[in-house]
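Please work through the exercises below with the sequence and the model at hand. Each task is followed by a solution in steps.

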There are 2 protein chains.
Amino acid sequence: MADPRPSSGTEPPRAGGLVLSLDAMGGDRGPEAVVAGLGRFLAKQPEARVLLHGPEGLLTPLARPLGERVRVVHAPDVVAMTDKPSQVMRNGKGTSMWSAVDSVRDGEAQAVVSCGNTGALMAVSMLRLRKLPGVNRPAIACLWPSLNPMGFNVMLDVGADIRADAEDLLVYALMGTSYARQGLGIARPRVGLLNVGTEEHKGRPELKDAHDLIGGATAKGEFDYVGFVEGGDIPSNRVDVIVTDGFTGNVALKTGEGTATLISTLLREAFGRGPLSKMAGLLALPSLQQFRKRVDPRRVNGGVFLGLNGTVIKSHGSADETGVAAALRLAGRLGAAGFAERIAARVASAVALAQDGTPMDGGATPAGGPEAPEEQQQS
Amino acid sequence: MADPRPSSGTEPPRAGGLVLSLDAMGGDRGPEAVVAGLGRFLAKQPEARVLLHGPEGLLTPLARPLGERVRVVHAPDVVAMTDKPSQVMRNGKGTSMWSAVDSVRDGEAQAVVSCGNTGALMAVSMLRLRKLPGVNRPAIACLWPSLNPMGFNVMLDVGADIRADAEDLLVYALMGTSYARQGLGIARPRVGLLNVGTEEHKGRPELKDAHDLIGGATAKGEFDYVGFVEGGDIPSNRVDVIVTDGFTGNVALKTGEGTATLISTLLREAFGRGPLSKMAGLLALPSLQQFRKRVDPRRVNGGVFLGLNGTVIKSHGSADETGVAAALRLAGRLGAAGFAERIAARVASAVALAQDGTPMDGGATPAGGPEAPEEQQQS
C-alpha cells in the first residue's frame with residue numbers, strides 16, 4: 001500500500017478499540033432518529049465509542065443521555081438530498097458528511113456511517129479517502145435476503161457508477177468475495193455474473209470478457225465461480241456474490257424492494273378482508289413477524305462502499321432507529337475486522353494475478369448473518 | 001402499410017371469427033399440458049377455433065376430445081430449448097414453431113402462441129412476419145402485477161434485444177401505449193422511462209435523449225409521460241407502461257419473479273412452524289389464495305412480441321394448463337382487437353411525428369384486467 005495515511009481497521013479487534021464515525025445529519029428523519037439508532041447500538045456494544053458529526057448546538061443535548069462514549073464533533077453545515085455531488089466536493093468542507101469521512105481518513109475511526117445523499121457521500125469519500133490502488137471504479141455492495149444458509153447474498157455494484165468494463169467486474173468479484181467473507185462469514189463464496197441468460201454466447205461483449213477474467217481468478221481469489229446468473233438467482237442459494245454494473249444492479253435492487261413492498265401491501269389487504277381473514281391474520285401474527293424480520297430492509301440496512309482507503313457505510317436516507325442501528329453494527333463488524341486492509345490486499349492480488357503467490361486475504365471470519373454479530377461482538 | 005401480405009387482426013371482432021395458431025411443442029411439460037390448456041380456453045370461448053401445430057400422430061389423439069374447433073396442422077420437427085436461433089432460422093422449416101407462425105403470416109390465424117425457446121421464436125417471427133415499417137428493434141412486453149387500478153403494468157423490452165437506442169425507446173413507448181390500451185383498457189396510459197434516479201441529469205446518454213423524444217410525443221401519442229422511474233416504481237401506481245432496454249428489462253423481470261418466489265417460500269416456512277401458525281395458515285387459506293391469484297405468474301403468462309406484422313405471444317416454457325389458457329386468452333383478446341394493425345398505425349404516426357395530424361390509434365377498448373376478458377368475450 002503506497003498510501004501513508006492511517007486508515008480504518010489497521011488494528012485487530014480489541015476491547016475498547018472500536019471507534020465509529022457517524023454523520024448525524026442528512027437523513028430524512030433528522031438527527032433524532034440517527035441518535036436514537038446510535039443509542040440502541042451502544043446499548044448492545046458496551047465497548048464501542050462513536051464520533052457524532054453535526055451542529056454542536058443541536059447534537060449536544062441529543063447525545064447527552066448516551067454518556068461519554070459519544071463525542072460530538074462540530075460541523076455547521078448539512079448536505080441536502082438535492083445537492084449535486086460536484087457542489088459538495090467544491091463547497092462541502094463544513095458539512096457533517098465531510099467531517100464524518102475525515103475521521104476515517106485521519107485514523108480516528110475505523111468506519112463511517114451516513115444516511116445522507118448517496119452521490120455526495122461517494123464523491124466526498126473518493127475525494128478524501130482516495131481509491132485503492134488497482135481500483136478504477138469503486139462499488140456499492142448491498143445485502144439481499146436469500147435462501148442461502150447465511151440468509152443473505154451480496155450484490156455489487158448497486159449504484160456507484162452506471163458503467164463497468166470487464167476489469168471493473170473482476171475487481172467487483174474480488175471485493176464482493178472479501179465482503180462475503182468478512183461480513184457474512186462465508187469461507188469460499190460462490191460468485192455469479194449477472195446476465196440475461198446462462199448460456200456463454202449470450203449478453204453484452206464486456207460480460208463475455210468478464211466471464212473469462214473471473215473464471216481465471218478463482219484459485220488465487222479463493223472463490224468458486226458459478227458463471228452467468230439471471231435476475232431470478234439473486235435471492236437464490238445458487239450464488240453468494242452477484243456481480244453487475246451499477247445501472248443494472250440499482251434497477252435490480254429497487255425492483256426487488258418494490259416487489260417486496262407490493263407483496264406486503266397485497267398481503268395486508270388480503271388479511272384485512274372479512275372477519276375470518278382478520279382472525280387468521282391475528283393468529284398468524286407471530287409467523288408474519290418472523291417472516292417480516294427475515295425480509296425487513298431495515299435489518300440489512302447499509303450499502304458498503306468498496307474500493308476506497310477506508311470503510312464507508314451508506315445507510316438508507318429514510319432509515320429509522322432500527323435501520324441506523326443495523327448500519328452501525330455492520331460498520332462495527334467491518335471496522336473491527338480490518339476490512340479495508342483485506343480488500344486492499346485482495347485487489348493487489350488481482351493486479352498481480354498472472355504471477356504465482358499465496359492467497360492474500362486473511363480467510364474467513366465466521367460472523368453469522370447480519371443480525372448475529374451483535375451478540376457475538378459482546379463476548 | 002406497404003406490406004401486401006394478409007396479417008393478424010385485419011377483421012374486427014365478430015362471432016366465430018377468432019382463429020388462433022398454437023404451437024403444441026417446445027414447452028417443458030410437453031404437448032399434453034399445452035392441449036390441456038387449450039381445452040380449458042375453448043371451454044370458455046365457444047366461438048374460438050384453433051390451429052394446433054406439431055406431429056400429427058402425437059397430436060391427433062390428444063386433440064380428439066376437443067372436437068372440430070381444433071384442427072391439427074402436421075409439422076414433424078420440434079425446436080428444442082437448447083437450439084440456437086440461427087440454426088432454427090436456417091433449418092427450422094419443418095418445425096411446429098415455424099408452421100404456427102406461418103398461420104399468422106398466411107392470414108389463417110389472428111395470433112400465434114408458443115411455449116418454445118424465446119430466441120428461436122423471435123428469430124422465426126422476424127423472418128416470417130417481418131418487422132413493421134419504422135421499427136428497428138421489436139420488443140417483448142410483459143404484464144407486471146401492480147398497484148394501479150387495472151392491477152397490472154406493462155413493461156418492455158424484457159428481452160428481445162440487449163440494446164436499445166433513444167429512437168428504439170420512443171418506439172417502445174408508443175407500442176407499449178397501444179398494448180396498455182388494447183390489452184388492459186387504459187385509455188390514456190402513463191409512460192415512464194426506467195433509470196437509476198428520477199433526476200434529469202442522471203443515467204446513460206441514450207436515456208437523456210429518449211427522455212426528450214418521449215416527452216415530445218405525448219400529444220400525438222395520447223399518453224402521459226411521467227419521466228424517469230426507478231425499479232421500485234415498476235409495480236407501483238405511478239406509471240402504466242415502463243420503457244427500458246431488453247437487458248435491463250429482463251434482469252428486472254427475473255429479479256421480480258425471484259423476489260416473489262423467495263417471499264412465498266419464506267411465507268410457507270413461517271406458516272409451517274408450530275401448531276398455532278399452522279392453524280392460522282388454514283384459516284388464512286382463502287386470503288392467501290386470493291393473494292396468490294393476484295400475483296400468480298401463470299395468470300399473466302404471455303410475453304407479447306411487439307413491432308412485427310402479426311401478433312405473437314410467447315408463453316412461459318414451463319407453463320402448465322393454467323398458464324397456456326392465460327396465454328391463449330391474451331392472444332384472443334389482442335387478435336380480436338386487430339392489435340397488430342393498431343400498433344402499425346401507432347408507429348407510423350411516430351415516424352410522422354414532426355408533422356401535424358390526427359391521432360391514429362383507435363382509442364381505448366375497455367377490456368378489464370387479464371382475467372376479466374374471458375367473461376366479456378363470451379357475451
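The exercises that follow concern a predicted model.

**Exercise 1. The make-up of chain A**

Task: Determine how many helices and strands there are in chain A, and what share of its residues count as buried.

Solution. 
Step 1. Chain A has 14 helices and 11 strands.
Step 2. Chain A has 379 residues, and 59% of these count as buried.
Step 3. Consider next the contacts in chain A with a separation of 6 or more: residues 24 or more positions apart account for 73% of them.

**Exercise 2. The buried residues of helix 1 in chain A**

Task: Identify which residues of helix 1 of chain A are buried, and state what they pack against.

Solution. 
Step 1. Helix 1 of chain A covers residues 30-44.
Step 2. Its buried residues are Gly30(A), Pro31(A), Ala33(A), Val34(A), Val35(A), Gly37(A), Leu38(A), Gly39(A), Phe41(A) and Leu42(A).

**Exercise 3. Helix 1 and helix 12 in chain B**

Task: Describe how helix 1 and helix 12 of chain B cross, and name the class of their arrangement.

Solution. 
Step 1. Two packed helices are described by the angle between their axes and the distance between the axes.
Step 2. In chain B, the axes of helix 1 (residues 30-44) and helix 12 (residues 321-336) come within 7 Å and cross at roughly 55 degrees.
Step 3. An angle under 35 degrees would count as roughly parallel, and one of 65 to 115 as roughly perpendicular; helix 1 and helix 12 of chain B are therefore oblique to each other.
Step 4. The crossing of these two helices of chain B is right-handed.
Step 5. Helix 1 of chain B contributes Ala33(B), Val34(B), Ala36(B), Gly37(B), Leu38(B), Arg40(B) and Phe41(B) to the contact, while helix 12 of chain B contributes Glu321(B), Thr322(B), Val324(B), Ala325(B), Leu328(B) and Arg329(B).
Step 6. Sorted by class, the residues of this contact between helix 1 and helix 12 of chain B are 8 nonpolar, 2 polar and 3 charged.

**Exercise 4. Two further helix pairs in chain B**

Task: Give the angle and axis distance for helix 1 with helix 2 of chain B, and for helix 4 with helix 5 of chain B.

Solution. 
Step 1. Helix 1 and helix 2 (residues 56-63) of chain B pack at about 35 degrees, with their axes 10 Å apart.
Step 2. Their crossing is right-handed.
Step 3. Pro31(B), Glu32(B) and Val35(B) of helix 1 meet Leu58(B), Leu59(B) and Leu62(B) of helix 2.
Step 4. This contact of helix 1 with helix 2 of chain B has 5 nonpolar, no polar and 1 charged residues.
Step 5. For helix 4 (residues 96-105) and helix 5 (residues 118-129) of chain B, the angle is about 40 degrees and the axes are 10 Å apart.
Step 6. The crossing of helix 4 and helix 5 of chain B is right-handed.
Step 7. Among the residues in this contact are Met97(B) and Trp98(B) of helix 4 and Ala120(B) and Leu121(B) of helix 5.
Step 8. The contact of helix 4 with helix 5 of chain B holds 9 nonpolar, 1 polar and 3 charged residues.

**Exercise 5. Loop residues and backbone geometry**

Task: Locate Gln110(A), and state whether it is buried or exposed.

Solution. 
Step 1. Gln110(A) lies in the loop between helix 4 (96-105) and strand 4 (111-114) of chain A.
Step 2. Buried means under 20% relative accessible area; Gln110(A), at 10%, is therefore buried.
Step 3. The C-alpha atoms of Gln110(A) and Gly17(A) are separated by 9.2 Å, although the two residues are 93 residues apart along the chain.

Task: Find which residues a cis peptide bond joins in chain A and in chain B.

Solution. 
Step 1. In chain A the bond joins Leu156(A) and Asp157(A), with omega about -5 degrees.
Step 2. Asp157(A) is in the loop between strand 6 (152-156) and helix 6 (166-184) of chain A.
Step 3. In chain B a cis peptide bond joins Leu156(B) and Asp157(B), with omega about -5 degrees.

**Exercise 6. Cysteines**

Task: State how many disulfides a search of the whole structure finds.

Solution. 
Step 1. A disulfide requires a pair of cysteine sulfur atoms within 2.5 Å.
Step 2. The search finds 0 disulfides over all chains.
Step 3. Cys142(A) is buried, at 7% relative accessible area, and Cys142(B) is buried at 7% relative accessibility.

Technical notes
Residues are numbered from 1 along each chain as its sequence is written. Chains are lettered from A and ligands numbered from 1 in the order in which they are written. This is a predicted model: local features need pLDDT of at least 70, side-chain atom pairs count only at pLDDT 80 or more; totals for chains, interfaces and linings use all residues. Side-chain values use heavy atoms; hydrogens and water are left out. Buried means under 20% relative accessible area, exposed over 50%, partly exposed in between (1.4 Å probe, protein chains only). Axes are lines fitted to C-alpha atoms, for helices over the stretch in contact, and angles run from 0 to 180 degrees between N-to-C directions. Helices (H or I, at least four residues) and strands (E, at least two) are DSSP runs, numbered from the N terminus. Angles under 35 degrees count as roughly parallel, over 145 as roughly antiparallel, 65 to 115 as roughly perpendicular and the rest as oblique. A crossing is left-handed if the near helix is turned anticlockwise from the far one by less than a right angle, and right-handed if clockwise. Contact means heavy atoms within 4.5 Å. Ala, Val, Leu, Ile, Met, Phe, Trp, Tyr, Cys and Pro count as nonpolar, Asp, Glu, Lys and Arg as charged, and the others, Gly among them, as polar.
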